[in-house]
Amino acid sequence: MAKRSKKNGKGDSSIVVNKKARHDYHIDESFEAGLSLAGWEVKSLRMGKVQLVDSYVLLKDGEAWLIGAQITPLDTASTHVVADPLRDRKLLLHRRELAKLFSETQQKGHTCIATKLYWKGHLVKCQVALARGKKEFDKRAATKEREWNIEKQRVMHRG
């Protein structure tokens, strides 16, 4: 599969990235999780019809669930399948990873979010991150630093 993507000029296998997550949270640690999907969902992912903006990961009964991710069904989806774009999807993680996520989210200020969906071969993977919420002044400082780096690049390029 890697050879084919190089021919097409696509080096990145990302389907969607949750940019709001990096803005709102400090990412501490990330994990790779499989995703349990229906056939129509995989077809929609190939067309890029997915949003992760308000999604999060819920840990209950020793399982991880992706909540709030919207996968829009295609117009050509089968008529006998009831396509729910906001259904809860099971994340496939190792037991040790689930235990670590569960113990860390019990601590104050930690949460578990989905940061990215991507292809790994023919499989869809979800990058799950352990995160802490940012305060408002942290967000302003990050924006200020990013703008300064852009300005610095402009000055270096001119001079």
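Predicted model: local features only at pLDDT ≥ 70, side-chain atom pairs only at ≥ 80, totals over all residues.
Residues are numbered from 1 along each chain as its sequence is written, and side-chain values use heavy atoms, with hydrogens and water left out.

View 1. Buried here means under 20% relative accessible area, exposed over 50%, and partly exposed in between (1.4 Å probe, protein chains only). Five bridges tie strand 4 to the antiparallel strand 5, residues 63–67, and Val-57 stands opposite Leu-66. Two residues sit between the strands of this hairpin, where Asp-61 takes a positive phi near 55 degrees.

View 2. Seven strands line up in the order 1-8-9-2-7-5-4, with antiparallel pairing; two strands pair if DSSP finds at least two bridges between them. Strand 1 and strand 4 are the edges, each pairing on one side only. From one strand to the next, the twist averages 40 degrees. Strand 5 and strand 7 run antiparallel and share three bridges, with Trp-65 opposite Lys-90 in strand 7.

**View 3. Helix 3 and its two faces.** In helix 3 (residues 39–46), Trp-40, Glu-41, Ser-44 and Leu-45 are buried. Seen down the helix axis, they fall within an arc of 140 degrees, so they line one face; the arc is that of the directions from the axis to the C-beta atoms. Gly-39, Lys-43 and Arg-46 are exposed on the face turned away from the buried side.

**View 4. Helix 3 across the strands.** Helix 3 lies across strands 1, 7, 8 and 9, running at about 80 degrees to strand 8. Axes are lines fitted to C-alpha atoms, for helices over the stretch in contact (heavy atoms within 4.5 Å), and angles run from 0 to 180 degrees between N-to-C directions. Cover for its buried residues includes strand 3 (50–51) and strand 6 (70–71).

**View 5. Charges over rings.** Arg-46 lies over the face of Trp-119, 4.5 Å from the ring centre, and Lys-116 over that of Tyr-118, at 5.4 Å. To count, NZ of Lys or CZ of Arg must be within 6 Å of the ring centre and within 35 degrees of the ring normal.

Definitions and conventions: Helix = DSSP H or I, 4+ residues; strand = E, 2+ residues; numbered from the N terminus.
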